[in-house]
Amino acid sequence: MSITILKGTIVSAPALGKLEVTEHGYLVAEDSRIAGVFPVLPEYYAGAPWRTMETR
């Protein structure tokens, strides 16, 4: 299984016409499919490498 984790401000659209912003959150993709957007990285993914998309 391939896991990609990106950290930054994530904007998602959980429903038509609704946007959610997760600041300093994590976007997790498994095998090129989004598994979720999380405010805190779940323990299940602890130890997996991640990249920050935040600017300083």
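Strands (E, at least two residues) and helices (H or I, at least four) are DSSP runs, numbered from the N terminus. The model is a predicted one, in which local features need pLDDT of at least 70 and side-chain atom pairs count only at pLDDT 80 or more, while totals for chains, interfaces and linings use all residues. Residues are numbered from 1 along each chain as its sequence is written, and side-chain values use heavy atoms, with hydrogens and water left out.

Next, select glutamate 30 and arginine 33; the latter, in E3, is the bridge partner of the former.

Now display the whole sheet. Four strands form an open sheet with mixed pairing, in the order E3-E2-E1-E4; two strands pair if DSSP finds at least two bridges between them. Colour strand E3 (33-38) and strand E4 (51-52): each stands at an edge with a single partner strand, so one side of each is left without a neighbour in the sheet. Along the sequence the pattern reads β-β-β-β, with four strands and zero helices.

Return to strand E2 and select threonine 22. Is threonine 22 buried or exposed? Threonine 22 counts as buried because its relative accessibility is 16%; buried means under 20% relative accessible area, exposed over 50%, and partly exposed in between (1.4 Å probe, protein chains only). Leaving aside neighbours within four places in sequence, threonine 22 is in contact (heavy atoms within 4.5 Å) with Gly8, Thr9, Ile10, Val37, Phe38 and Pro39.

Finally, select the entire protein. Its C-alpha atoms fill a box of roughly 35 × 30 × 20 Å, taken along the principal axes. Of its 56 residues, 23% count as buried. Among contacts between residues at least 6 apart in sequence, 33% join residues at least 24 apart. The protein exposes about 4400 Å², of which carbon and sulfur atoms supply 55%; accessible areas come from the Shrake-Rupley method with a 1.4 Å probe, and for residues only the protein chains shown count as cover.
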